[in-house]
Amino acid sequence: MTTVAIYARYSSDNQRDASIDDQVELCRRRAVQEGWDVARIYADRAISGGSQFGRVEYQSLIADAEDKRFDIVLCESLDRLSRRLADIADLHDRLIFRGIRLYALNIGEVTPIHTAVMGMMAQHYVRDLADKTKRGQLGRVLKGKIPGGKAYGYDVLPPDADGAGGRSINPAESAIVTRIYERYAAGHSPRRIARELNAERLPGPGGRPWADTTLRGQPERGTGILNNSLYAGRIEWNRCSYVKDPRTGKRVARPNPSDTWEMIDVPELRIIDDELWDRTRKRQSELTKVMGTDASGNPLNTGHRRVFLLSGLLKCGMCGGVYTIVAQDRYGCSTRRSKGTCDNAVTISRPEIENRVLSALQERLITPELVEVFISAFHDEVRKLQATQSAATQRAEHELAQVRSKIAKILAAIEDGFHDASMNTRVKKLREREADIRTALEQLPDTTVTPHPNLAKLYALKVAKLSQSLNDQTVRAEATEAIRCLIQQIVLTPRASGSGLDAEVHGDLAEILALSDGGNQIRKHPAALAAGRQLSVVAGARCHLYRTVFRL
């Protein structure tokens with residue numbers, strides 16, 4: 001029986017969750033009408049269709065399509081799948097390649113023309129909606145209303161005759177705002193102020209603990225407590241534009257020229273006076289100048305920080321915060337440093353944690369057992385690719401035979417005296433189609449490949465070369481990225497003995513290391529790494545790959 005996968009999505013928390021049920025029910029009825037068997041339902045709730053990234057169920061749909069787990073993908077309309085033309089076209093191409101058809105209730109089977117026209121309309125809708133939203137925000141600003149979220153120090157007022165966006169000063173929070181500005185202007189750092197507020201158990205924005213970044217923010221974007229002009233009785237709107245990175249789906253802020261800003265005075269919302277605001281701005285400017293030069297007064301390239309092998313991947317096992325450089329070549333819990341709310345005071349040197357990961361990479365990934373596992377998996381993937389390519393070749397050859405048969409029949413009819421001007425045009429089109437099919441057959445990749453007989457030795461050389469490359473500045477970035485892309489995160493937790501840190505590595509690298517240890521078992525190998533360290537393998541959650549965790 002033909003199997004079908006149903007995909008449903010709605011994009012806003014303001015929409016009903018029942019929208020998913022409604023979409024699924026309509027698709028299910030169509031499946032029953034067509035005699036299709038529903039294999040699985042994929043549903044993304046309250047998430048935008050402007051990008052394929054961040055949609056777990058959509059990514060699961062793509063992964064299962066790659067494994068040919070259904071014959072048809074069915075949705076209510078194409079904009080449920082995506083509101084971006086490139087994503088719709090990419091999905092359609094993937095499905096066609098796997099021999100899977102795409103159906104939408106409102107148009108039937110989706111063709112390349114549908115993906116172009118409907119995808120373009122969906123993408124235009126998103127852009128048009130953004131323009132209308134920005135126009136509505138401008139209208140609010142001109143009336144002295146706040147177009148965005150609630151800033152710390154204010155309460156939200158009910159909508160009035162001029163609409164929503166009204167604010168009033170919160171007395172308790174405004175007192176803390178004034179205190180922050182006074183302390184900063186007096187010479188205290190944002191980190192010290194945040195630690196003092198947390199020590200007094202004063203909740204920050206959203207009830208969260210205070211952090212130095214909450215206060216410092218980004219001056220050029222007007223973010224952070226110390227940069228919010230609303231405290232000085234002025235709305236500054238349109239300081240930034242937000243665009244979505246097509247590679248990651250994340251929004252990226254880009255500062256706008258100052259002549260495009262909208263500035264509206266709202267004296268009724270003033271919390272601090274101009275003198276305190278100006279003193280804050282002056283100290284920020286002075287610190288920026290000092291931090292942007294070296295001891296000789298030369299400008300520093302502050303826009304390019306050093307990125308180490310594990311930068312941004314180390315997490316604190318006690319609070320979940322990030323481990324960052326807190327002293328020369330030493331990592332420590334950033335939450336403890338910036339907020340003072342974490343008790344994890346154990347630090348670790350950068351070379352030590354890097355060497356622990358690299359040692360595992362070098363010593364555990366070149367065993368014969370792992371090579372056997374790899375070769376077995378390799379052959380499985382090659383067989384799948386060959387089966388898919390064989391089916392595609394058969395379809396192409398079948399169509400080629402049909403095209404040639406049609407050409408032969410038309411030529412035979414002409415020879416028998418049956419001739420019409422339209423026959424010449426038809427033969428020309430068939431010839432063009434014949435050429436296209438031959439070209440497609442010639443371009444199919446060669447899947448008759450086998451692993452090199454000296455794979456283990458070659459791999460050992462590659463790993464050694466990769467490790468050496470970390471010390472070569474000309475290729476360090478590429479070598480670092482090659483390792484980092486295998487790691488999701490590394491969780492550092494103080495040992496019960498009080499000596500050092502245990503490191504649990506999550507990600508694809510952990511999975512490979514787990515395979516090298518023989519699967520989901522717990523074993524002790526003190527000699528495999530440095531003395532006294534143990535490697536334990538724990539089954540992880542299934543995403544599109546089986547992810548595991550190992551401890552160094």
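Which residues form one aromatic cluster? I looked this up first, in what is a predicted model, and I noted that Tyr154, Tyr181, Tyr231 and Trp277 make up the cluster.

Tyr181 belongs to helix H6 (residues 171-185), while Tyr231 sits in the loop between helix H8 (212-216) and strand E8 (234-237), so the pair ties together parts that are 50 residues apart in sequence. I also checked burial, for which the cut-off is under 20% relative accessible area: Tyr181 counts as buried at 0% relative accessibility, and Tyr231 counts as buried at 1%.

Next I looked at the sheet, where five strands follow the order E2-E1-E3-E4-E5 in an open arrangement with mixed pairing. Strand E2 (37-44) and strand E5 (108-109) are at the edges with a single partner strand each, so one side of each has no neighbour in the sheet. Between strand E1 (residues 3-9) and strand E3 (residues 72-75), which run parallel, I found four bridges, and Ala5 has Val73 as its bridge partner in E3.

My last entry concerns two helices, H2 (residues 56-66) and H4 (residues 85-97), which pack at an angle of about 25° with their axes 10 Å apart; they are therefore roughly parallel to each other. Where they meet, H2 brings Tyr58, Ile62, Ala65 and Glu66, and H4 brings Asp87, Leu91, Arg94 and Leu95. I sorted the residues of this contact into five nonpolar, no polar and three charged.

Notes: Residues are numbered from 1 along each chain as its sequence is written. This is a predicted model: local features need pLDDT of at least 70, side-chain atom pairs count only at pLDDT 80 or more; totals for chains, interfaces and linings use all residues. Side-chain values use heavy atoms; hydrogens and water are left out. Two strands pair if DSSP finds at least two bridges between them. Axes are lines fitted to C-alpha atoms, for helices over the stretch in contact, and angles run from 0 to 180 degrees between N-to-C directions. Angles under 35 degrees count as roughly parallel, over 145 as roughly antiparallel, 65 to 115 as roughly perpendicular and the rest as oblique. Contact means heavy atoms within 4.5 Å. Ala, Val, Leu, Ile, Met, Phe, Trp, Tyr, Cys and Pro count as nonpolar, Asp, Glu, Lys and Arg as charged, and the others, Gly among them, as polar. Buried means under 20% relative accessible area, exposed over 50%, partly exposed in between (1.4 Å probe, protein chains only). Rings of Phe, Tyr and Trp (its six-membered ring) pair if their centres lie within 6.5 Å; planes under 30 degrees apart count as stacked, over 60 as edge-to-face and the rest as tilted.
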